[in-house]
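Colleague: Could you give me a close look at one part of this model? I'd like to understand the packing, step by step.

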Amino acid sequence: MGAEAVGSGAAARPVDVVRPVLQHLADASADLEGEPRRAVPELGAHALGDQLAVLAGDVLAAADARGGDAAVVDLHDRLVALRRAL
């Protein structure tokens, strides 16, 4: 579910590739924590790296607390796919 979930293509802007991954990570963290899903705010391209770091950390913390090994594997796959897409 990792590589195919990252948009790509000649016309795709980096921000358009990163934002869906951010939303997926936020959703995964909310699901692990039993919290409602919320939209990730669009803060601007300059903030994408920070958002990615925070949301990845949230997934890792939630997975660690709740034994979500599949979420960690998914996180890894999505980050690798994102790196390749950029």
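Modeller: Happy to! A crossing is left-handed if the near helix is turned anticlockwise from the far one by less than a right angle, and right-handed if clockwise. The crossing of H1 and H2 is left-handed in that sense, so let's look at that pair and what surrounds it. Bear in mind that the model is predicted: local features need pLDDT of at least 70, side-chain atom pairs need 80 or more, and totals for chains, interfaces and linings use all residues. Numbering starts from 1 along each chain as its sequence is written, and side-chain values use heavy atoms, without hydrogens or water.

The protein chain has three helices and zero strands (DSSP runs of H or I, at least four residues, or of E, at least two, numbered from the N terminus). Read from the N terminus, the order is α-α-α. H1 covers residues 14–33 and H2 covers residues 48–66; they pack at about 25°, with axes 9 Å apart (axes are fitted to C-alpha atoms, over the stretch in contact, and angles between N-to-C directions run from 0 to 180 degrees). That angle makes H1 roughly parallel to H2 (under 35 degrees; over 145 is roughly antiparallel, 65 to 115 roughly perpendicular, the rest oblique).

Which residues of H1 and H2 meet? From H1 come Val 15, Val 18, Arg 19, Val 21, Leu 22, Leu 25, Ala 26, Ala 28, Ser 29, Leu 32 and Glu 33. Facing them in H2 are Leu 48, Gln 51, Leu 52, Leu 55, Ala 56, Asp 58, Val 59, Ala 62, Ala 63 and Arg 66 (contact means heavy atoms within 4.5 Å).

Between these two helices is a loop that holds Val 40. Val 40 counts as buried because its relative accessibility is 19% (buried is under 20%, exposed over 50%, partly exposed in between, with a 1.4 Å probe and protein chains only). Beyond its neighbours within four places in sequence, Val 40 touches Leu 22, Gln 23, Ala 26, Gln 51 and Leu 55.

Now for H3, residues 69–85. H2 and H3 pack at about 160°, with axes 9 Å apart, which means that H2 is roughly antiparallel to H3. Their crossing is left-handed. Here Leu 52, Ala 56, Val 59, Leu 60 and Ala 63 of H2 meet Ala 71, Val 72, Leu 75, Leu 79 and Leu 82 of H3.

The axes of H1 and H3 come within 11 Å and cross at roughly 175°, so H1 is roughly antiparallel to H3. In this contact, H1 supplies Val 17, Val 18, Val 21, His 24, Leu 25 and Leu 32, while H3 supplies Ala 71, Asp 74, Leu 75, Arg 78, Leu 82 and Ala 85.

Finally, the core. Of the 18 residues in the largest nonpolar core, Leu 22, Leu 25, Leu 52, Leu 55, Val 59 and Leu 82 touch the most other members (a core is a set of buried Ala, Val, Leu, Ile, Met, Phe, Trp, Tyr and Cys joined through side-chain atoms within 4.5 Å). H1, H2 and H3 each give two or more residues to this core, and H1 gives the most, with eight. Across the 86 residues of the protein chain, 37% are buried. Among contacts between residues at least 6 apart in sequence, 68% join residues at least 24 apart.
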